[in-house]
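Here is a quick walk through one model, section by section. Keep the 3D view open as you read.

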Amino acid sequence: MTVIHPNLEAVDPKMSAEGVSVYYGDKQAIKDVSIAIPAKYVTAFIGPSGCGKSTFLRALNRMNDTIPSARVEGQIELDGEDIYSNKMDVVQLRARVGMVFQKPNPFPKSIYDNIAYGPRIHGIFEQKGDLDGIVESSLRRAGLWDEVKDRLNDPGTALSGGQQQRLCIARAIAVDPEVILMDEPCSALDPIATAKIEELIAELSSRYAIVIVTHSMQQAARVSDRTAFFHLGEIVEYGRTSDIFTNPIEQRTKDYITGRYG
Ligand SMILES: Nc1ncnc2c1ncn2[C@@H]1O[C@H](COP(=O)(O)OP(=O)(O)OP(=O)(O)O)[C@@H](O)[C@H]1O
């Protein structure tokens, strides 16, 4: 049972999960989770290690399909469309619901080609000039353009860790997503690079639905509008971030945010 904070305002969901369970073989990692993910908000998933945050995040763009033992039950919708239906094109889905991982993972290609790759395979440009425009605007929106505009042919892997993570964010943006999932995007970064990504998250939320898994409660408090607290595969409590941190209802949430476990 998830406790939803009483003053959480109702907004149209961009994505919604209803009664979602995820199994790895016989082991149930997510138990009957329901949540609505609004557009243009940052939603944070917090909770102790192993409680299922990443598993649930991956269910939102069918990344668990790549793990043979994983099985998802329940309903997950994007704009009211069942993402697990046979009619859903998974490649398109992952463009609409992009993902940024814990460790920056640029392709072993140039900075330019890292960004151009998605638009090329999705055919979302017509002329070379358009592709150049997409590369520039994606890098600008990811706050990286000024740092790389004179070295677009250098390998993406030659950038610093923080720049690589912004490159990965630019790569997700380039295919015009609606939702961006971020799995601990700052855990491999120093405080300055982290601050840049957090600023970027705030800017991007004016356009996209963002879901971030984070181990840092300070980060959740800084960047998110809404927070879901996960424990043992369930969402224990969900509400406005300020309410979750200042006025938690459930004892397990209180214990976690006061640092009693985790
Ligand atoms: N590929 C996998 N195969 C089998 N079990 C897995 C797999 N991935 C995760 N699990 C298990 O599922 C449970 C939830 O893991 P998950 O990584 O989703 O938790 P998490 O909250 O994101 O943890 P962390 O904060 O440590 O990243 C754990 O018990 C984990 O061991």
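Which residues are around the ligand? They are Tyr24, Ala29, Gly47, Ser49, Gly50, Cys51, Gly52, Lys53, Ser54, Thr55, Ile67 and Ser69.

## The model and its scores

A word on what you're looking at: this is a predicted model. The protein averages a pLDDT of 95, and 99% of the residues score at least 70. The ipTM comes out at 0.97 and the pTM at 0.95.

## Around the ligand

## The antiparallel sheet

Four strands make up an open sheet here, in the order β3-β2-β5-β6, with antiparallel pairing. Its edge strands are β3 (27–38) and β6 (81–82), each of which pairs on one side only.

Let's start with β2 (residues 13–24). Eight bridges connect β2 to β3 in the antiparallel sense. Valine 20 sits opposite valine 33 of β3, and proline 13 has proline 38 of β3 as its bridge partner. β2 and β3 form a hairpin with two residues between them, and in that turn glycine 25 has a positive phi of about 60 degrees. With β5, β2 again runs antiparallel, joined by eight bridges.

## Strand β9 and its parallel neighbours

Now for a strand that runs parallel to its partners. How many bridges join strand β8 to β9? There are five, and β8 (residues 179–183) and β9 run parallel. Methionine 182 has isoleucine 212 in β9 as its bridge partner. To get from β8 to β9, the chain passes through helix α7 (residues 191–204), and this β-α-β crossover is right-handed. Strand β4 (residues 42–46) is also parallel to β9, with four bridges between them; threonine 43 is opposite valine 211 in β9.

Is β9 (residues 209–213) enclosed or open? Five of its five residues are buried, so the strand is largely enclosed by the rest of the structure. In a regular strand, side chains alternate between the two faces of the sheet. For β9, both faces are covered: Ala209, Val211 and Val213 are buried on one side, and Ile210 and Ile212 are buried on the other.

## Helix α6

Helix α6 covers residues 161–173, which makes 13 residues. From first C-alpha to last it reaches 18 Å, close to the 18 Å expected at 1.5 Å a residue.

The helix is mostly covered, too, with 12 of its 13 residues buried. Among the buried ones are Leu167, Cys168, Ile169 and Ala170, but the list also includes Gln163, Gln164, Gln165, Arg166 and Arg171.

## Loops worth a look

The loop between α1 and β5 (70–78) holds arginine 62, which has a positive phi of about 60 degrees although it is not a glycine. Arginine 62 counts as partly exposed because it has 18 C-beta neighbours inside 10 Å. Leucine 60 is found in the loop between α1 and β5 as well. Is leucine 60 buried or exposed? It has 23 other C-beta atoms within 10 Å, so leucine 60 is buried. The C-alpha of leucine 60 is separated by 7.7 Å from that of valine 97, which is 37 residues apart from it along the chain.

Leucine 232 lies in the loop between β10 (226–231) and β11 (234–240). Leucine 232 has a positive phi of about 45 degrees although it is not a glycine, and with 15 other C-beta atoms within 10 Å it is partly exposed.

## One more contact in space

Finally, have a look at arginine 222 in helix α8 (residues 217–223). With 18 C-beta neighbours inside 10 Å, arginine 222 counts as partly exposed. Arginine 222 and serine 242 are 20 residues apart in sequence, with 9.8 Å between their C-alpha atoms.

How values were computed. Residues are numbered from 1 along each chain as its sequence is written. This is a predicted model: local features need pLDDT of at least 70, side-chain atom pairs count only at pLDDT 80 or more; totals for chains, interfaces and linings use all residues. A residue is buried if 20 or more other C-beta atoms lie within 10 Å of its own, exposed if 12 or fewer, and partly exposed in between; C-beta atoms are placed from the backbone. Two strands pair if DSSP finds at least two bridges between them. A crossover is right-handed if, with the strands pointing away from the viewer, the path from the first strand over the helix to the second runs clockwise. pLDDT is the predictor's confidence in each residue, from 0 to 100. A residue is near a molecule or strand if its C-beta atom, placed from the backbone, lies within 6 Å of it. The expected span of a helix is 1.5 Å times one less than its number of residues.
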